[in-house]
Amino acid sequence: DSYHAHMAEIENNKRQTGPWWKPAVELFSKISTWIAVPIILALIAGKALDKYYGTAPWMLLILAGIGFATSSFGIVRAVKKFIEKTKEEIKKNKPQ
């Protein structure tokens, strides 16, 4: 009957996509990485270069700005990909 066919389809979709919270955790981890890694690396490198060249705080500030710009670019890119993926899944799962 159609009820059991519909329930089987729902179960199949669950198995394919995983838990309902998985996309949110994936997005959170990508964004967290884009926030932390470029800025931390830029601060460490900037501090080291300032110490080596005696240019404090200029290298730190320049690399912090580059790290912030890199983080911003990465976050926007990750969110755009997530939105596109979500739109595709909605189209795919939308009843005809």
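A: Among the contacts in the protein (heavy atoms within 4.5 Å) between residues at least 6 apart in sequence, 56% join residues at least 24 apart. The model is predicted, and local features are reported only at pLDDT of at least 70, side-chain atom pairs only at pLDDT 80 or more, while totals for chains, interfaces and linings use all residues. Residues are numbered from 1 along each chain as its sequence is written, and side-chain values use heavy atoms, with hydrogens and water left out.

The protein has 3 helices and 0 strands, where helices (H or I, at least four residues) and strands (E, at least two) are DSSP runs numbered from the N terminus. Along the sequence, the order is α-α-α.

Helix α2 covers residues 22-53. This helix has 32 residues, and the distance from its first C-alpha to its last is 46 Å, close to the 46 Å expected at 1.5 Å a residue; the expected span is 1.5 Å times one less than the number of residues. Helix α3 covers residues 58-93. Its 36 residues reach 52 Å from the first C-alpha to the last, close to the expected 52 Å.

What lies where the helices meet? Of the 96 residues in the protein, 9% are buried, which is to say under 20% relative accessible area, with exposed meaning over 50% and partly exposed in between (1.4 Å probe, protein chains only). In α2 the buried residues are Leu 27, Pro 38, Ala 42, Gly 46 and Asp 50, and they pack against α3. In α3 the buried residues are Gly 67, Ser 71, Gly 74 and Ala 78, and their cover includes α2.

Leaving aside residues up to four places away in sequence, Ser 71 touches Trp 34, Ile 35, Pro 38 and Ile 39.

Side chains of opposite charge can pair when their charged atoms come close. A salt bridge requires a side-chain nitrogen of Lys or Arg within 4 Å of a carboxyl oxygen of Asp or Glu, and a search of the whole structure finds 1. The side chains of Glu 26 and Lys 85 form this bridge, with 3.8 Å from N to O. Glu 26 belongs to helix α2 and Lys 85 to helix α3, so the pair ties together parts that are 59 residues apart in sequence. Glu 26 is partly exposed, at a relative accessible area of 28%, and Lys 85 is likewise partly exposed, at 44%.

The account now turns to the end of α2. A pair of aromatic rings is described by the distance of the centres and the angle of the planes. A search of the whole structure finds 1 aromatic pair, formed by Tyr 52 and Tyr 53 in an edge-to-face arrangement, with 4.8 Å centre to centre and 85° between the planes. Rings of Phe, Tyr and Trp (its six-membered ring) pair if their centres lie within 6.5 Å; planes under 30 degrees apart are stacked, over 60 edge-to-face, and the rest tilted. Tyr 52 is exposed, at 65% relative accessible area, and Tyr 53 counts as exposed at 52%.

Most residues other than glycine have a negative phi, and most peptide bonds are trans. Just after α2, Gly 54 adopts a positive phi of about 70°. Ala 56 and Pro 57 are joined by a cis peptide bond, with omega about -5°. Pro 57 sits in the loop between α2 and α3.
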